[in-house]
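I opened this notebook to keep track of what I looked up, entry by entry.

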Amino acid sequence: VSSSGYTDINGEVNLPISGQALGTLLVTVTKHNHFAYLGELNIGIVSAFAAYANSTIDDDNSGDSSGNGDGVVNPGESIELSVSVRNFGLMTASNVGASLASDDAYVTVSDGEEDYGNIPAGGSAWCAEDFDFDVALDAPDGRVLEFEFTAQSGADSWTSLLQFTVASAAFTAEGTSWGGGGGSLDPGESG
């Protein structure tokens, strides 16, 4: 398992970790002109552990969504996000609820709370409704929108990092032509 990233202004970073692993992860933190910090993070089995499993993007102009229906996040769209939660633990996660939040300037979360009910050990559940968010018209192509997805059951909570990339028109000029005299564009010419 390998993951890297840069901290924010508060010194925090969310590192996506793929796969499921038990045991010890080695952690290294570095900064220019400082000694490296070397530590360990133990990953074990817990009784209940409800976390993000999967999602679908709905931008089909039905319900609370508006967009072109291609299932891709585009500028100016209102997205309905259905999210599946899986219980990775050994016991039922009871009365699971979840929240979706983002501090990205190009996103407004308009419905950030959903319920999942009870999820048995090893089981998954989709939210009965969906989360809703709006993407700003000026969101740039390739922008990675980050969301904090937090599932909770009783006093326990688990946070996952969700990332969606904005796809928008990305034009490149490949040539120009004009009909002005002399073969060059001069002030006051048109055509």
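I began with D8, which counts as partly exposed because its relative accessibility is 38%, where partly exposed is the range between buried (under 20% relative accessible area) and exposed (over 50%), computed with a 1.4 Å probe and protein chains only. I placed D8 in the segment before strand 1, which covers 23-29; strands here are DSSP runs of E with at least two residues, numbered from the N terminus.

Before going on I noted that this is a predicted model, in which local features need pLDDT of at least 70 and side-chain atom pairs count only at pLDDT 80 or more, while totals for chains, interfaces and linings use all residues. Residues are numbered from 1 along each chain as its sequence is written, and side-chain values use heavy atoms, with hydrogens and water left out.

Surface patches. I found D8 again in a negative surface patch, together with E12, D103, E146 and E148. Patch residues have over 30% relative accessible area and no salt bridge, with like charges joined within 9 Å and nonpolar side chains within 5 Å; a salt bridge is a side-chain nitrogen of Lys or Arg within 4 Å of a carboxyl oxygen of Asp or Glu. I then looked up a nonpolar patch, which V27, V29, Y37 and L41 form with about 350 Å² of accessible area together, an area that comes from the Shrake-Rupley method with a 1.4 Å probe. Strand 1 and strand 2 are the elements that give two or more residues to this nonpolar patch, and I located Y37 in strand 2.

Backbone angles. I kept in mind that most residues other than glycine have a negative phi. N33, however, has a positive phi near 65°, and I found N33 in the loop between strand 1 and strand 2 (37-43). N33 counts as exposed because its relative accessible area is 68%. N95 also has a positive phi, of about 45°, although it is not a glycine; N95 sits in strand 5, residues 93-101, and is exposed, at 62% relative accessibility.

A buried serine. Where does S65 lie? I found S65 in the loop between strand 3 (50-58) and strand 4 (78-87), and S65 counts as buried because its relative accessibility is 4%. The side chains of S65 and D60 are joined by a polar contact of 2.9 Å, a term for a pair of N or O atoms within 3.5 Å, one able to donate a hydrogen and the other to accept it. A polar atom of the S65 side chain also lies 3.3 Å from the backbone nitrogen of N61.

Methods: Lys and Arg count as positive and Asp and Glu as negative; His and the chain ends are not counted. The place of a charge is taken as NZ of Lys, CZ of Arg, CG of Asp or CD of Glu. Helices (H or I, at least four residues) and strands (E, at least two) are DSSP runs, numbered from the N terminus.
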